[in-house]
Amino acid sequence: MSEETRLVIKSGNVFDSIEGKINENLTIVVENNEIVWVGDEGSFEKEETDNIIDAAGKTVLPGMVECHVHLSGTGDPQYEREYLRTKRDMYNLIALDNAQKHLVSGFTCVRDAGSYKGIVSSLKRILNKGIFAGPRLVGSETGIWQWGDSEAFGPQALIDFDREVSVIQAGVDNVKYAVRDQKKLGADFIKTATTGGVLHGMESQVSFVLWTDEELVAIREEAHRLGMHVGCHAHGNDGIQAAVRAGFNTIEHGTFIAEETAKMMVEKGTYLIPTRSAIVCLASSSIHKQMPPEVQTKITECYNKAKENHQIALEKGVKIAIGTDAATPGNFHGNTGLEIKLMVDDIGMTPVQAMQAATIEGARAIWLDDKIGSLEKGKLADIVICDKNPLEDISAIVDPLNFSHVIKDGKVMAGRGRIAYFSPLQKIKLD
Ligand SMILES: [Zn+2]
């Protein structure tokens, strides 16, 4: 090894996210940004310059993966007012702040499922350069939408703004163009939607599908050809089925997923990202009463159905990854630990299943499992060290103060709820 100091995480109880068990007293050796050795605590070859973190008695997790957020939004329940009062350039800093909130809460990889043009791909480059502490970002840029899909509520200025920033396409050639355009903007994956949303107008069952199968297949073919997976917002069952039929990789929300659709997803290997936090926040009385009446009705429908349908999806064996949809009303960034806990408390996962969903399953869902999601030789060094073991008590995953070290790319980026990394000072050398 050159002048670089190795990072050694010594004698921790290491979570094997692939097998779903804890291996006690293992040591992890990191060189640069990579895990180069995992093994019995005494048997690694020490070097003088090793930077050693004593993890005895602590639980060592792979850095967690948050699969669905919107970094340019804050979660303010009065989001229309917030949009009107926010200058465009402010969103860049709002996105940085939100990304850091995910990092300190143990999420070293964050997938953005749609923000204003350019914000996430720019922030990703800043974070990759090590200018600020932040998670590994996977972004979809603006996403591709369809005419008539999501009628927006007023005020008019917001509707106009939405139209200006949304890519709305129809027809096979047009959607292929849109996929390439997203790639050109800096997208890592394609986000689209086969149904309306809870916060939009129109149909109450969120079941309306406007895309044709030909358009959906064209999106998937073009995205896959360019090395991008496809994530699809879908609440109604028809929309979920259309997305699964087309070979999309992840279903976001999946509120009205029917049993036969769950079976299709198992056969196709499609992931479900339930974003339970979004509907739980919307249904809480303080947020619910602030929504327009049409939306209140939809929230109640979705809240009642989502829990039972997601339980069925889990029982049927649908693969599930963790995502909150942070930035929806009352759903603030940095609370993804709560989504993991909701998977245990409401949906019926064991703590081990929930932690697998937050690590290796998240990595698989977004096509990054060759790099992250487990603690193995050759993977990137994204690691979280916890005082209390969340596999024994899942509520330990909710509290960032429980994490003594949040490590991304081999650098200690945060700990105890605070950022610990700042870009290095460049020293002037005088002769
Ligand atoms: Zn979303």
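**Entry 1: α9 and α12.** I looked up how helix α9 (residues 276-283) packs with α12 and found an angle of about 80°, with the axes 9 Å apart; axes here are lines fitted to C-alpha atoms, for helices over the stretch in contact, and angles run from 0 to 180 degrees between N-to-C directions. I therefore note α9 as roughly perpendicular to α12, given that angles of 65 to 115 degrees carry that label, while those under 35 count as roughly parallel, those over 145 as roughly antiparallel and the rest as oblique. Helices (H or I, at least four residues) and strands (E, at least two) are DSSP runs, numbered from the N terminus.

I then listed the contact, meaning heavy atoms within 4.5 Å: Arg276, Ser277 and Val280 in α9 meet Glu339, Leu342, Met343, Asp346 and Ile347 in α12. I sorted these residues into 4 nonpolar, 1 polar and 3 charged, where Ala, Val, Leu, Ile, Met, Phe, Trp, Tyr, Cys and Pro count as nonpolar, Asp, Glu, Lys and Arg as charged, and the others, Gly among them, as polar.

**Entry 2: basis of the values.** I keep in mind that this is a predicted model, in which local features need pLDDT of at least 70 and side-chain atom pairs count only at pLDDT 80 or more, whereas totals for chains, interfaces and linings use all residues. Residues are numbered from 1 along each chain as its sequence is written, and side-chain values use heavy atoms, with hydrogens and water left out.

**Entry 3: α8 and α11.** I found that the axes of α8 (residues 259-268) and α11 (residues 293-316) come within 9 Å and cross at roughly 40°, and the two helices are therefore oblique to each other. Glu259, Ala262 and Val266 of α8 make the contact with Ile312, Ala313 and Lys316 of α11, a set that divides into 4 nonpolar, no polar and 2 charged residues.

**Entry 4: the open sheet.** I traced 3 strands in the order β6-β7-β8, with parallel pairing; two strands pair if DSSP finds at least two bridges between them. β6 (64-69) and β8 (136-139) stand at the edges with a single partner strand each, so one side of each is left without a neighbour in the sheet. I also noted that helix α2 (residues 90-104) packs on the sheet, touching β6 and β7, and that its direction makes about 140° with that of β7.

**Entry 5: the zinc ion.** I found His68 (NE2), His70 (NE2) and Asp325 (OD) coordinating the zinc ion at 2.0 to 2.1 Å; donors are N, O and S atoms within 2.8 Å of the metal (3.2 Å for Na, K and Ca), and water is not among the atoms, so sites may look incomplete. Along the chain these donors follow the spacing H-x1-H-x254-D.
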